[in-house]
Amino acid sequence: LSGLLFPGLFQWVNTRTYTLFYHLRHFSGGAQKVSPYILLLTMDNDFEKKYNTPAQEREKMAEVFNNVQTIGAKTILVDIIYRQRNAASGEDDSFVQSTRDAGIIFYPFHVTQNPSAGEDFPEFIQEKAVWFITGTGKGEPYIVDAGIAPFPDFCRAAEGLGGITFFPESDGIIHRIPLVYSYKEHFIPSL
């Protein structure tokens with residue numbers, strides 16, 4: 001009866017329970033330990049101020065990739081979608097070449113459940129990102145129909161590609177992140 005009187009009540013209780021669980025886990029156990037082998041490199045507004053350079057400048061990113069690899073990085077995951085070539089300069093060529101030379105860089109592409117918000121994944125995306133596996137596990141992965149990818153040279157130079165899209169719950173908070181997305185009859189890994 002309460003479901004009829006208050007539609008969405010159970011979903012609200014569910015999302016609030018998730019939030020409460022994470023708050024209690026943090027307060028009861030303190031900060032969670034993070035592997036010493038993981039480096040989070042944030043190139044944000046503070047980076048721009050300190051180094052007097054735009055954080056997304058592609059030549060700077062190529063330099064960062066080379067430096068991080070020099071100190072022993074085994075994998076570099078990028079969270080910026082470089083949708084188009086930078087026509088203003090030839091910096092994309094050095095960026096693509098540093099990606100290819102590194103052999104450890106993974107670029108994201110946006111996946112969507114709305115075909116009109118993206119495009120069908122071209123073959124160069126499917127070669128680097130689509131897993132041709134079948135699953136017999138429980139549950140259903142998020143089904144995606146289209147996406148927005150980096151420009152082709154980046155995709156071809158990358159070691160691999162993965163989807164980045166988070167679906168917020170009704171309260172606007174992202175409680176869950178899918179590990180894989182279902183695309184046609186295949187799977188796409190999440191970054």
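A: Two strands count as paired if DSSP finds at least two bridges between them. The model shown here is predicted. By that rule, strand 1 (residues 76–77) pairs with strand 2 over two bridges, in the parallel sense. Within this pairing, Ile 76 has Ile 105 of strand 2 as its bridge partner.

Strand 2, the part looked at here, covers residues 105–112. Strand 2 also runs parallel to strand 5 (residues 160–163), and four bridges join these two. One of the residues involved is Phe 106, whose bridge partner in strand 5 is Gly 160. With strand 4 (residues 146–148) the sense is antiparallel, and three bridges connect strand 4 to strand 2. Here Thr 112 has Ala 146 of strand 4 as its bridge partner.

Six of the eight residues of strand 2 are buried, so the strand is mostly covered, where buried means under 20% relative accessible area.

There is also a nonpolar core to consider. The largest one has 34 residues, and Tyr 107 and Phe 109 are those with the most contacts inside it. Strand 2 is among the elements that give two or more residues to this core; the others are helix 4 (58–70), helix 5 (91–102), helix 6 (123–129), helix 7 (152–157) and strand 6 (180–183). The most comes from helix 4, which gives five residues. As a general point, side chains in a regular strand alternate between the two faces of the sheet.

Conventions
Residues numbered from 1 in each chain as written. Predicted model: local features only at pLDDT ≥ 70, side-chain atom pairs only at ≥ 80, totals over all residues. Heavy atoms only, no water. Buried < 20%, exposed > 50% of the residue type's maximum accessible area, 1.4 Å probe, protein only. Core = buried A, V, L, I, M, F, W, Y, C linked by side-chain atoms within 4.5 Å.
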